[in-house]
Amino acid sequence: MREMLTGNGAAAWGARLAEVEYLPAFPITPQTEIIETIAKWIDFGECNCRIVMLDSEHSMITAAGAAATTGVRTFTATSSQGLLYGMEMLYTVAGWRAPFVLVNVSRGLASPITLEPDHNDILAARDCGFLQLHCATCQEVLDSVLLAFRVAEDPRVRLPVIVNLDGFYLSFTREPVKVPSVQEVAGFLPPFDPQNQGFRAGTPFSQAVAVLGGTAYSYFRYQSHLAARNAEAVFTESAVLFNETFGRSYQAVETYCCDDAEVVFVMMGSFATKAKAAVDQLRAAGQAVGLLRPLLLRPFPAEAVRRALVGKRGVAIVDQNLSPGYGGILHSEFAANLYGCRDVNPVLVSFIGGLGGRDIGPEEFFEMVNITRAAVASGCIPPPRLLYTESELRDMRKWQSIALEHRSGGELQ
Amino acid sequence: MKTASRILGTAFFLEGFEVQDAPRYGAERRGAPISAYVRASHREIKERGIIRDPSLVIVADETLVPMPAAGVFLGLSAQTMLLIHSREAPEVWRDRLNVEGPIRTLSPPGEDRDRLAWRHIGTVCAAAGARLVGVVSREALAASLKQELAGLNAASLEENLDHARWAYDLMEPGQGRVAPGRWLSAEAFPRPEWVDLQYEDARVAAPAIHAAMTSEQVETGLWRTRRPVIDPAHCKRCWWLCSTYCPDSAIRVDESGRPQIDYAHCKGCMVCVAQCPNHAIDMIPERVEPNAAMAGKDS
Amino acid sequence: MSETRFKTVRNLPPDHLLGTGTAMCAGCGGLEALHQIYDILGEKTVFINAAGCMTLLAVYPFTPFRGSWLYTAMASAPAGAQGVRDALDILLERGRMTAAEDLQTVVLTGDGAAYGMGLSATSGAIERGLDFLYICYDNEGYGNTGQQTSGATPHGAGTATNKGALGYPGDKKDLFAIWAAHRPAYVATVIGAEPLDLARKVEQAMQLTGPRLILALAPCPTGWGFDPDATVQLGKLAVETGVWPLKESRGGKTMHTKVPKKRLPVEDYLKCQGRFAHLFVPERKDSVLLEIQAKIDAYWGAVECHGAVDP
């Protein structure tokens with residue numbers, strides 16, 4: 001069945017098909033549609049799940065982790081400020097090794113407060129111990145929720161997973177989405193097996209106890225890392241089964257027109273499809289350009305990234321995030337990953353674009369290729385380039401003249 | 001001991017040394033063993049954290065010596081001087097501990113091991129340590145005490161100064177006997193036995209305990225400085241009182257209705273002593289054998 | 001209360017369920033109350049804990065519990081209880097767990113979480129009618145970090161953050177009333193120094209479903225400045241001076257379970273604690289002492305007039 005679904009609708013369908021049993025919830029734009037959709041299904045008997053409205057995302061993530069630890073399949077969703085409000089618990093429940101799925105609808109962070117997307121929210125959660133899947137299409141959102149449950153619950157992993165989709169560009173955007181049948185999904189995703197863990201009378205279980213000293217702490221923290229490292233192979237294995245079951249193929253790192261490319265874009269999330277469109281145009285103009293998109297950001301698919309970049313001359317990394325005082329976060333991840341690789345040493349050029357939902361035009365993609373080629377040719381790597389135009393600055397000046405009225409509407413110097 | 005380390009630290013500082021002092025304790029707020037350390041050098045101190053190779057180890061509570069968790073023997077070598085606050089002679093300790101290094105003991109005369117004796121323990125230990133190290137003058141020690149104990153009233157401060165002078169004088173024969181610390185050679189050193197941690201099932205690899213009552217393996221009885229002893233002759237076997245009030249569940253009632261104190265875990269709070277309506281629970285210093293204390297009382 | 005199995009102190013449990021060997025301070029009034037409560041609750045419990053002194057009850061690999069435990073964070077223990085309770089219900093409904101395996105869901109926090117950071121999560125859990133028992137050990141300050149002023153610190157008390165001559169200028173928040181205003185199934189104050197009253201209330205709470213609070217004043221030798229052996233004595237004084245009214249609330253009606261016949265002057269309670277020493281030396285702060293006494297008298301005056309204090 002193929003039907004028109006928003007990214008939020010696709011996330012809700014993913015949860016429904018995964019037959020989630022528990023949904024602790026809290027509203028936040030642009031995520032709210034997900035929990036409202038599932039709530040309606042519950043109210044009309046289409047979904048056998050318990051929904052509970054918590055008082056905050058902090059409470060919501062606590063409840064989700066507690067329920068997963070007790071042994072039920074749990075799903076929840078948030079966005080932006082909510083993700084950060086719950087940040088303490090992201091780290092905490094990941095340490096419990098509580099497998100559940102959290103959908104984050106990416107949205108720029110305050111201040112200034114905004115509703116539109118970028119990736120600073122999800123990247124703030126980069127090191128919390130959750131695995132991260134970054135979706136580019138509404139179809140991928142639904143599919144990623146199913147994949148996420150399978151990976152999270154695997155005994156070789158046992159970690160919670162965040163499935164990330166961009167606000168507006170996916171959350172409120174409808175696309176045709178293939179919704180698999182319950183029977184098909186049952187063949188891919190077996191019921192949650194808590195492996196005899198959970199709170200039961202007669203079986204004492206003290207979870208998340210304190211430790212004293214670095215010996216116990218180092219061990220437990222590093223075990224989370226080893227679990228996350230295992231997750232890459234488990235993801236790949238699950239993706240093969242997914243392809244066999246549903247006929248859609250996913251890889252930890254998506255490559256588009258990369259094989260013979262000289263210059264490659266690196267992007268995450270829905271804006272990557274804009275880059276794909278630009279690649280098509282560039283290819284039509286005879287330029288060997290491709291795209292690399294990590295679907296899996298944690299664990300970081302280091303080897304797959306390196307393989308995809310063998311022989312590339314230039315890489316334009318487009319970060320929809322900003323680490324003030326450094327620049328783009330993906331850029332630092334890629335630079336670190338490629339450091340010291342003798343046969344993989346493309347020039348990395350950093351671009352910051354799409355902050356707070358700011359669009360990226362095709363001409364900007366084309367120009368990024370020019371700049372990257374120039375850097376390759378000269379060996380001079382330019383500083384990070386913010387995608388920001390003169391006309392945007394003129395708009396800012398106009399607004400500033402209103403905001404700073406005492407300057408009597410005059411031009412700022 | 002935190003105070004002791006600060007007194008000693010400031011004394012070194014006043015003598016012109018570069019100094020580091022710090023307490024090190026577990027999660028307990030009060031009652032559990034703690035340690036503290038001081039480093040002093042004429043050069044900038046770049047080391048940090050626990051002292052792996054101490055020149056002087058001062059033990060304020062001798063009951064901690066046999067307790068592995070207290071770490072009294074951490075890094076102890078033939079060069080380490082051991083100063084134990086104890087009535088027993090150094091020879092007794094040497095036989096008992098089988099250590100090579102110099103041992104001294106320190107026992108304030110005429111004082112019982114009651115709480116009063118403990119009031120100046122930090123001062124006494126710091127003063128004795130200062131003399132043994134040999135580079136802290138009487139004046140610097142006094143100045144340090146005045147600085148670190150500034151919160152005390154004049155009389156208490158004077159008491160502390162008295163105790164400090166006494167301990168400082170007592171250690172005169174050992175003045176300067178503490179050997180300076182040594183550095184680990186970068187040429188010949190034991191290689192760290194690093195292991196490659198392997199993934200383990202989340203059941204064991206999460207900070208979770210799949211067992212009950214394991215805390216009973218922690219002997220909090222070592223916290224005690226005083227010991228409650230039930231006098232069976234006076235116990236009316238009301239059984240619910242001491243047993244219910246005991247915060248630590250360390251008093252249980254046997255089949256005959258007699259309360260039994262679990263000395264492995266009793267922390268010595270003395271709530272039972274204060275609450276027993278028949279005054280059938282006595283309080284004795286921890287050091288005295290309970291049998292001796294009860295001699296003649298038991299039927 | 002007529003059906004109580006705790007008719008006299010002799011009915012109190014002779015066996016204790018809570019393990020020894022915990023890191024709580026000697027003479028801990030909170031631990032005293034907890035072990036008495038646990039004796040009544042039994043081992044079919046899962047404690048959901050918030051950051052506080054009692055987080056250190058379970059330090060890897062040691063736990064004093066026969067049942068289960070989940071440490072969450074400071075603000076969200078009631079939300080953890082929500083997740084556990086809901087999950088247990090789901091498992092029961094779907095036949096993946098037997099009724100015999102079910103657990104009582106018990107939140108355990110100090111006053112820092114209960115009166116402050118955790119209030120939002122607590123209020124949410126009560127409004128949702130969560131079936132849980134909330135135990136608060138109230139030692140009137142952030143005890144685990146060295147007794148800084150919390151929302152539960154009483155007027156005039158000296159704390160690590162109120163060391164001035166008059167102590168804490170604010171008033172202790174009325175958590176009983178905050179809970180009671182939510183109309184939960186049950187709210188009660190207890191103290192380890194009155195174990196029979198405590199046992200009856202825990203028994204009462206266990207017979208009810210929905211949100212239930214057991215609020216235990218926890219005399220704290222370390223934070224309040226008194227010798228550990230005085231924990232019970234101080235607890236009794238808290239009751240006899242009227243500082244800590246023993247009461248319960250059900251169905252919107254509040255009852256006092258132990259009304260001191262002749263209240264002792266509050267000074268008797270204050271003067272044996274280091275945290276109030278500045279009210280007596282170097283000179284008496286009569287105005288503060290009178291103010292504290294007046295508030296207690298006003299409280300009990302209202303009780304005597306109406307038989308109850310409306311929350």
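Colleague: What percentage of the residues in chain B are buried?

Modeller: This is a predicted model, and in chain B buried residues make up 37% of the 299 residues. A residue counts as buried if 20 or more other C-beta atoms lie within 10 Å of its own.

Colleague: What else describes chain B, in secondary structure and in span along its principal axes?

Modeller: Chain B has ten helices and nine strands. The C-alpha trace of chain B spans about 65 × 60 × 40 Å along its principal axes. Of the contacts in chain B with a separation of 6 or more, 62% are between residues 24 or more positions apart.

Colleague: How do you know that chain B touches chain C?

Modeller: Two residues are in contact if their C-beta atoms lie within 7 Å. By that rule, 38 residues of chain B are in contact with 40 residues of chain C. On the chain B side, helix 8 (240-245), strand 7 (251-253) and helix 9 (271-275) each supply at least two residues. That side of chain B divides into 19 nonpolar, eleven polar and eight charged residues.

Colleague: Now chain C. Why is helix 2 of chain C called largely enclosed by the rest of the structure?

Modeller: Because 14 of the 17 residues of helix 2 of chain C are buried.

Colleague: How do you know that the span of helix 2 of chain C agrees with what it should be?

Modeller: Helix 2 of chain C covers residues 77-93, which is 17 residues. The expected span is 1.5 Å times one less than the number of residues, so helix 2 of chain C should span 24 Å. Its end C-alpha atoms are 24 Å apart, so the two values agree. Helix 2 of chain C is followed by C:Gly95, which has a positive phi, near 70°.

Colleague: What makes up the two domains of chain A, and how far apart are their centres?

Modeller: Domain 1 of chain A is 2-246 and domain 2 is 254-392. Taken over C-alpha atoms, 28 Å separate the centres of domain 1 and domain 2 of chain A.

Colleague: How do you know that these domains touch?

Modeller: With the 7 Å cut-off for C-beta atoms, 27 residues of domain 1 of chain A are in contact with 22 residues of domain 2 of chain A. Helix 9 of chain A gives the largest share of the domain 1 side, five residues. By class, that side of domain 1 has twelve nonpolar, nine polar and six charged residues.

Key
Residues numbered from 1 in each chain as written. Chains lettered and ligands numbered in written order. Predicted model: local features only at pLDDT ≥ 70, side-chain atom pairs only at ≥ 80, totals over all residues. Domains from an automatic or database assignment. Helix = DSSP H or I, 4+ residues; strand = E, 2+ residues; numbered from the N terminus. Nonpolar A, V, L, I, M, F, W, Y, C, P; charged D, E, K, R; others polar. Buried ≥ 20, exposed ≤ 12 C-beta atoms within 10 Å, placed from the backbone.
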